[in-house]
Amino acid sequence: MTSYLDAALIVSTGVVLPLWAEKFSLGVLMSGFLPTLLTISVAVGSILGGKLADRLGHTKMFQWNILFIALGTLFIALGQNLIFIIAGIVIAGISSGADLPTSLSVISDYVQNDEKGKAISTTQLFWTLGILLSQFFGLVTVPLGYASSEVMFCVLSVVSFMTFWIRRFSKKFNNLIMEFEESVVSEVKETSSKIRFTDLFRNKPVLRVFVTLTLFYVAWNIPANTWGTFENYFLVVVGGKSQSYATSLALIANILGFALNIWYLKMVDTRYRNRLMYIGVGTAFCSFTLAAMFGGQWIVFSIIYVLFSLSTVLVGEPLYKIWSQSLYPQNQRASLMGISYGIVRTITAIFSLFTPMIMKASPTILMLMFVVLTVVYGLAARRAVFLYKK
């Protein structure tokens, strides 16, 4: 559910961005600022939340943090001015960022190694579902005008409150957690409690993993975040297409991605995972190269959008999560992933601030930048595979 809400928060912001731009008369700089603020908030939350989770306990952090996602999205839904929306973005973003390393660590604490890839990839399935449902709600609420944004964020708030109630008050769920803690977590703590966090970055193998995974994720996340956040903005504001067309295209792409993700769950813990990864890198590289060659016109952008969306299932966040949970020390896993995630989101946020201006000036330049980034994350992925095998 954390992955669902993270994706839904990002995509919902992208879907309603043209509505906010119209209602509050936002220029290109301010249109870039709001998604940037969300990304920075997620980055700060990841760094702080990861450290708190390792210090206070993964389960305790897991139980309470999601309540603040509910409050933040409620602020956005009910806000009738830009100040309320900004406040909601900050609260929801920080809470969402804090919950990501925490929830993944909770999963890894209780799942056996030979099923870890499938379990973590299932979170990616919900991440795709968050994109899909957000785009669906955006499409069906188009006739409502600005009220569409209120409906979309109300839905996120309700889902967050329901998830909080289950995590905190469900006896069945918490009894299951307690059983796992008694049988698994206590054994891990006994063997790893002497490891100090400050020593980890002096440990060359750990530092090598940290640098490799962070480089991989930042090079992948910049184009992926642009796809999720600015697809509507590009097609509506730059390409002159309708809000319905932009939302429908994204919906189709993510329905296909969701279906591919279901199939990928069967392959992720097999020897085919790395082969599929290279196919994903090749698809992304060809997509951006073709988009750059044809000048980033809206029809080419539409086709490339679908292809790149499918490639993200095979290479991207699922692998980053699997590698992170498999290669970091257990009792500092949330901290290290939180710091890595925070660095990536901060860099992505800075890029997002200028994305609308780059799109308006020359979509081709943007596509060429993505070609270079695809090469970078392809090489980093190859390095990560080597470290994983080693």
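Q: Hi! Where do Glu317 and Lys321 sit relative to each other?
A: Both are in helix α14 (residues 317–327), four residues apart, so about one helical turn separates them. Bear in mind that this is a predicted model.

Q: Is Glu317 buried or exposed?
A: Buried, because its relative accessibility is 1%. Lys321 is buried too, with a relative accessible area of 1%.

Q: How many salt bridges does the structure hold?
A: Three. One of them joins the side chains of Asp99 and Arg167, at 3.0 Å from N to O. Asp99 lies in helix α5 and Arg167 in helix α7, so this pair ties together parts 68 residues apart in sequence.

Q: And what does Asp6 pair with?
A: Arg345, at 3.4 Å from N to O. Asp6 is in α1 and Arg345 in α15 (residues 333–361), so the parts tied together are 339 residues apart in sequence.

Q: Switching topic: which residues lie nearest the centre of the largest pocket?
A: Met1, Phe62, Ile107, Arg167 and Phe173, out of 22 lining residues. The pocket's volume is about 560 Å³.

Q: Which helix gives the largest share of that lining?
A: α7, with five residues. By type, the lining has 15 nonpolar residues, six polar and one charged.

Q: Last one: which residues of α12 are buried?
A: Among them are Leu276, Met277, Val281 and Phe288.

Notes
Residues are numbered from 1 along each chain as its sequence is written. This is a predicted model: local features need pLDDT of at least 70, side-chain atom pairs count only at pLDDT 80 or more; totals for chains, interfaces and linings use all residues. Side-chain values use heavy atoms; hydrogens and water are left out. Buried means under 20% relative accessible area, exposed over 50%, partly exposed in between (1.4 Å probe, protein chains only). Helices (H or I, at least four residues) and strands (E, at least two) are DSSP runs, numbered from the N terminus. On a 1 Å grid over the protein atoms alone, a cavity is a set of points where a 1.4 Å probe fits but cannot get out, and a pocket is an open set with protein on both sides within 12 Å along at least five of seven lines; lining residues have an atom within 4 Å of a point. Grid points are joined across faces, edges and corners, and a volume is the space filled by probe spheres set on the points. Ala, Val, Leu, Ile, Met, Phe, Trp, Tyr, Cys and Pro count as nonpolar, Asp, Glu, Lys and Arg as charged, and the others, Gly among them, as polar. A salt bridge is a side-chain nitrogen of Lys or Arg within 4 Å of a carboxyl oxygen of Asp or Glu.
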